[in-house]
Amino acid sequence: MKAPIRPIFTAERIYRFFEGIWKKSITAVTYQLRSINGEPGMIARADGYESAWTFQYRGGQISHIYLVVNPDKLAHIRFDEHSGSLSLG
């Protein structure tokens, strides 16, 4: 999974970005909703890649989505497939 190089604006473009991710995913996507750095977020795994997503809200709607896919930045996160739990550290 690749992160977008530039910020994506408008609901339609964001929708198309996510649609492209799901279409390109050969296997199932596994995810866990978690608080990440104090923000609502999720950890996802698809096709052997892990990613961390955080969401910021404004006016009851998602205003920003931050996506981290750099393995070095995700090294401290362990996604336990068997229990479905997230272990940090």
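D47 is partly exposed, with a relative accessible area of 32%. That value lies between the 20% limit for buried and the 50% limit for exposed. The model is predicted.

**Around D47**

D47 is found in the loop between strands β2 and β3. The hairpin of β2 and β3 has two residues between its strands. Here D47 takes a positive phi near 55°. Which distance separates D47 and T30 in space? The two residues are 9.7 Å apart, C-alpha to C-alpha, and 17 residues apart in sequence.

**The sheet**

Now step back to the strands. Four of them form an open sheet in the order β1-β2-β3-β4, and the pairing is antiparallel. β1 and β4 stand at the edges, each with a single partner strand, so one side of each is left without a neighbour in the sheet. On average, neighbouring strands of this sheet are turned by 25° against each other, direction ignored. In general, strands of a sheet pair through backbone hydrogen bonds, either parallel or antiparallel.

Take the strand pairs in turn. β1 covers residues 30–36 and pairs with β2 over seven bridges. The sense is antiparallel. T30 has R45 in β2 as its bridge partner. Q32 has I43 in β2 as its bridge partner.

β2 also pairs with β3, which covers residues 49–58. Six bridges join these two strands, and they run antiparallel. The bridge partner of M42 in β3 is W53. A44 stands opposite S51 in β3.

β3 then pairs with β4. Seven bridges join them, again in an antiparallel run.

| Hairpin | Residues between the strands | Residue with positive phi | Phi |
|---|---|---|---|
| β1 and β2 | two residues | N37 | near 50° |
| β2 and β3 | two residues | D47 | near 55° |
| β3 and β4 | two residues | G59 | near 60° |

Is β2 largely enclosed or open? Six of the eight residues of β2 (residues 39–46) are buried, so this strand is largely enclosed by the rest of the structure.

What about side chains? In a regular strand they alternate between the two faces of the sheet.

T54 sits in strand β3. Is T54 buried or exposed? Its relative accessibility is 13%, so T54 counts as buried, because buried means under 20%. Leaving out residues up to four places away in sequence, T54 touches I36, E39, P40, G41, H64, I65 and Y66.

T54 leads on to the largest pocket. The volume of this pocket is about 800 Å³. How many residues line the largest pocket? The lining has 31 residues, and T54, H64, I65, Y66 and L67 lie nearest the centre.

α1 (11–24), β1, β3, β4 (61–68) and β6 (85–88) each supply at least two residues. Which strand gives the largest share? β4 does, with seven residues. By class, the lining has 22 nonpolar, seven polar and two charged residues.

**Putting it together**

D47, in contrast, is in the loop between β2 and β3 and is partly exposed.

Conventions. Residues are numbered from 1 along each chain as its sequence is written. This is a predicted model: local features need pLDDT of at least 70, side-chain atom pairs count only at pLDDT 80 or more; totals for chains, interfaces and linings use all residues. Side-chain values use heavy atoms; hydrogens and water are left out. Buried means under 20% relative accessible area, exposed over 50%, partly exposed in between (1.4 Å probe, protein chains only). Helices (H or I, at least four residues) and strands (E, at least two) are DSSP runs, numbered from the N terminus. Two strands pair if DSSP finds at least two bridges between them. Contact means heavy atoms within 4.5 Å. On a 1 Å grid over the protein atoms alone, a cavity is a set of points where a 1.4 Å probe fits but cannot get out, and a pocket is an open set with protein on both sides within 12 Å along at least five of seven lines; lining residues have an atom within 4 Å of a point. Grid points are joined across faces, edges and corners, and a volume is the space filled by probe spheres set on the points. Ala, Val, Leu, Ile, Met, Phe, Trp, Tyr, Cys and Pro count as nonpolar, Asp, Glu, Lys and Arg as charged, and the others, Gly among them, as polar. Axes are lines fitted to C-alpha atoms, for helices over the stretch in contact, and angles run from 0 to 180 degrees between N-to-C directions.
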